[in-house]
Amino acid sequence: MEETKKTGGVTRREALGTSAKGLAGAMFVAGFGKELDVAGWLFGKDAVSKPAYDPTKHMYTFLFDISKCIGCGSCVRACERENNVPPHHFRTWIERYRVFGEDRVLVDSPNGGHDGFEPDPSGEVARKAFFVPKICNHCEFTPCVQLCPVGASYRTPDGVVLVDVKRCIGCGYCVQACPYGSRFLNPDGHVASKCTMCYHRITKGMRPTCVEMCPTGARRWGDLKKPGDPVAEILATRETHVLKPELLTKPHCFYLGMYKEVR
Amino acid sequence: MEGSGVGFSYPNDLHIAWGVMIVLYPYVTGLVAGSFVVGSLYHVFGRQELKPISRLSLVASLGFLIFAPVPLLFHLGQPMRCFNIMITPNFSSAMAAFGVIYAVYFIIVLLEIWLVFRKDIVMNARQNRGILRWFYASLALWTYDVSDESRKLDHKIVVVLAAIGIPAACVLHGYVGFMFGSVKANPYWSTPLMPVIFLTSAITSGIAMMVVLYQILMKFGGRTIEPDCVQSLCKWLWLFAILAVTLELLEIVCIAYERSEEWVVIGTLLSGKLAFSFIGIQLVFGSLIPIILLGIVVLMRPYLTNPLRNTIGFVAALFLLVQVLAMRWNVVIGGQLFSKSLMGFREAYQPGLFEKEGLGVALLIFLASFVFMAIFNRFLPMYEKKENGNGTGDGAKTGFTERREAAKSEEARG
C-alpha cells in the first residue's frame with residue numbers, strides 16, 4: 001500500500017508535509033513581509049532604509065515671487081536637463097513683460113527664456129518691467145484631467161497632475177484644454193508631456209529641479225500639509241494671486257507681487 | 001517644429017496639436033449624420049419624392065461611417081492604443097463617449113441597410129452559384145424568407161431604426177461639436193452653440209452630398225434625374241444652409257458685440273489670417289452664393305426648366321460642400337492659430353502633401369468612402385439597371401428582370 005502511493009520516490013505524507021511547510025512559509029512572508037521588508041530585500045536598499053512614501057500626507061504647491069525673478073533661465077535649462085525636455089517645448093518657461101507709456105504692453109519669451117533675455121535693441125525705457133516664471137499650475141479642478149479620454153492624465157493625492165505615458169494615446173485634447181499652455185505633445189514618444197513637479201525627486205524628499213536651481217529664490221515650493229511650512233505660511237498670511245482665476249480651475253501655483261498685465 | 005508668430009504666444013502654443021486630420025474627421029462624420037437624416041426623411045417621414053435617394057443615402061452614410069475614425073487613427077500619437085478609449089474610458093471625458101456613440105450608430109446603420117437590402121440579397125443568393133451564392137447567403141444570414149409579411153415587418157423595423165437613428169445621428173455629430181464647445185480654455189470654441197452649429201452644417205453637407213452624388217450617379221448611369229427629388233433636396237438644403245450660416249454668424253456676432261477680451265484676438269484672426277478661408281470661402285463663396293442660387297431654384301420653380309434647376313442645385317450643393325469643409329477648417333485650425341495668452345498668433349498652418357497627417361492622406365481617406373460605395377454598388381446595386389442599356393455589364397444577367405418586377409410591385413404597394 002505504502003509502495004503504491006509513492007510518487008517519484010516521495011511518499012504522500014512527505015509531499016503533503018513539504019507543501020504545508022511551503023504554504024506556512026508563504027503565509028509568513030505575506031503576513032510579516034512588511035516588517036521584514038521583503039520588497040526592500042528584493043528591489044534594493046532604498047526601500048529598506050527609508051519609510052514608504054505616503055502621498056496622502058502631502059499637498060504640494062508652487063509659489064513664485066515675481067519681484068525676485070531675474071529671467072536668467074536657469075530653471076528652464078535645469079528642467080530640460082533633468083526631464084529630457086525636447087527643444088522648443090517647455091515644461092516651465094519665463095515671460096518678460098514690459099509696459100511702455102500709457103498701456104502698451106510688450107511680452108516676449110524667446111525660446112521660453114531658455115537662454116535668458118537680450119536687452120531691448122531700441123533702447124526704449126519701459127515704465128515697468130518684470131519676469132514671470134510659468135509652469136503647470138497643477139490645478140485642483142483641471143480640465144486636462146477631466147477630458148482625457150482614457151484617463152491617462154490624473155492628479156495624485158499630493159496635488160500633482162501627471163500623465164501616464166504608457167496609457168496616453170496622444171490625441172492632444174489635453175493640450176487644447178489647458179488654459180495655461182503648459183502641455184505639449186512630445187515628439188519623442190508622441191504622447192502628452194508636462195511638468196511633473198519632478199515627482200521622481202519630491203517623493204524622495206528632494207525639491208523640484210527648477211526650485212533647486214533658482215539663484216534668487218523666486219521659485220519656492222512647499223507642502224501645505226506640513227506644519228510650519230514657510231510657503232504655506234505665506235499663502236495663509238499674504239496677498240497671492242493665481243493665473244486666470246475666472247476659469248475656476250483652482251491652480252496650485254501662486255504668485256507674489258502679481259501685475260495686472262500678466263496673462 | 002520651431003515656430004514664431006506675431007505678438008506674444010505661450011511658447012508651447014507655437015505648435016499645432018490638431019491638423020488636417022481633425023478637420024477631416026468632423027467633416028466626414030457630418031456627412032454620415034447628414035446623409036442619414038436625408039434618408040430618414042423618406043424612411044420615417046414618408047417624403048415619397050426622396051425615394052430615389054433612399055438607398056443611396058444609407059449606403060453613403062455607411063461608407064462615410066466606416067472611414068470616419070480613420071483620420072483619428074492617423075492623428076493619434078499612439079494609434080495602437082486607440083482601443084483604450086473603449087476599454088478604459090474616462091467617463092468625465094466627452095471624447096470617451098466616442099466608442100459607445102460610434103458603436104451604437106454603426107449597428108443602427110448596418111441593421112437598417114441590411115433590412116432595406118434584404119430582398120436583393122436573398123434574390124442574389126438564389127440566382128448565383130458557387131462562392132457568390134455562399135457570399136450572398138451569408139449576407140442574408142441563410143434566411144430566405146421574403147414573403148410579404150416578412151417584408152412588412154422589415155419595413156416596420158426600418159421605420160423604427162431610422163427614427164432611433166435620427167437622434168443617434170444628432171448625438172454622433174452633436175458630440176463632435178460638444179468636444180470643441182466645451183473647451184473653456186479656447187474662447188473661439190467655447191460656446192454652447194457649437195454642437196448646434198456642427199449639427200446644422202452636418203445636415204447641410206449631407207444633403208449637399210446627396211444632391212451631388214445622386215446627379216452624378218444618374219448622369220453616368222444613363223438614367224433620368226428625378227426633378228422632384230432634386231427639387232425637394234434643394235428645398236431642404238436651402239433651409240439647413242440658412243440655419244447653419246445664421247448660427248455660424250450668430251456666434252461671431254455675439255463675441256464681436258460683447259467686445260470681451262477674446263474679440264481682440266478673434267476679430268484680428270477672422271479679418272487677418274483667416275480672411276480668405278472665413279470671409280472669402282465660408283461666407284461669400286460658400287454661403288452667400290449658394291443660398292442665392294438655391295433661393296432661385298426653390299422660389300422660381302415655374303420659370304426654370306428641370307435641367308437648369310438640377311444644374312443650379314448641383315453647383316450650389318458643390319459650393320456648400322466646400323463651405324462646410326471651410327467651416328471645419330476655420331474652427332479647428334482657426335481656433336489654434338491664436339495663443340491662449342490671447343495676445344498673439346501662430347504662423348499660418350500649412351499642412352504638407354505627403355506627410356502622415358498631410359493633405360494626400362486626407363484626400364485618400366475621403367475618397368475611400370466613395371470606393372466603398374462603388375464596391376457596395378457592385379454587389380448590391382442601389383439603382384435598377386438601365387432598361388435599354390447596351391451591354392449592361394455583368395450585374396445585369398443576375399436577376400435583372402426579377403429585381404425590376406419586384407421593385408415595380410413594391411412601388412405599386414406604396
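1. How many helices and strands does chain B have? Chain B has 15 helices and two strands, where helices (H or I, at least four residues) and strands (E, at least two) are DSSP runs numbered from the N terminus.

2. Some conventions apply. This is a predicted model, in which local features need pLDDT of at least 70, side-chain atom pairs count only at pLDDT 80 or more, and totals for chains, interfaces and linings use all residues. Residues are numbered from 1 along each chain as its sequence is written, chains are lettered from A and ligands numbered from 1 in the order in which they are written, and side-chain values use heavy atoms, with hydrogens and water left out.

3. Chain B comprises 414 residues, of which 55% count as buried (under 20% relative accessible area; exposed is over 50% and partly exposed lies in between, with a 1.4 Å probe and protein chains only). Among its contacts (heavy atoms within 4.5 Å) with a separation of 6 or more, 78% join residues 24 or more positions apart. The chain exposes about 18,000 Å², and carbon and sulfur atoms supply 69% of that area (Shrake-Rupley method, 1.4 Å probe; for residues, only the protein chains shown count as cover).

4. On the surface, B:I131, B:L132, B:V371, B:I375 and B:F379 form a nonpolar patch with about 460 Å² of accessible area together. Patch residues have over 30% relative accessible area and no salt bridge; nonpolar side chains (Val, Leu, Ile, Met, Phe, Trp, Tyr) are joined within 5 Å, and like charges within 9 Å. Helices α6 (130-139) and α14 (359-379) of chain B each supply at least two residues of the patch, and α14(B) gives the most, with three. B:V371 lies in this helix α14; it counts as partly exposed because its relative accessibility is 47%.

5. Between the chains, 47 residues of chain A are in contact with 36 residues of chain B. The size of an interface is often given as the accessible area lost when the parts come together. Here the buried area (1.4 Å probe, summed over both parts) is about 3,300 Å², with 56% from carbon and sulfur atoms. In chain A, A:I169, A:Y173 and A:Q176 lose the most area to chain B, together 23% of what that side buries.

6. One salt bridge is counted between chain A and chain B (a side-chain nitrogen of Lys or Arg within 4 Å of a carboxyl oxygen of Asp or Glu). A:R263 forms a salt bridge with B:E261, the closest N and O atoms being 2.6 Å apart. Elements of chain A that each supply at least two residues of the side touching chain B include β2 (92-100) and α6 (173-177).

How values were computed. Buried area is the accessible area (1.4 Å probe) that two parts lose on being put together, summed over both.
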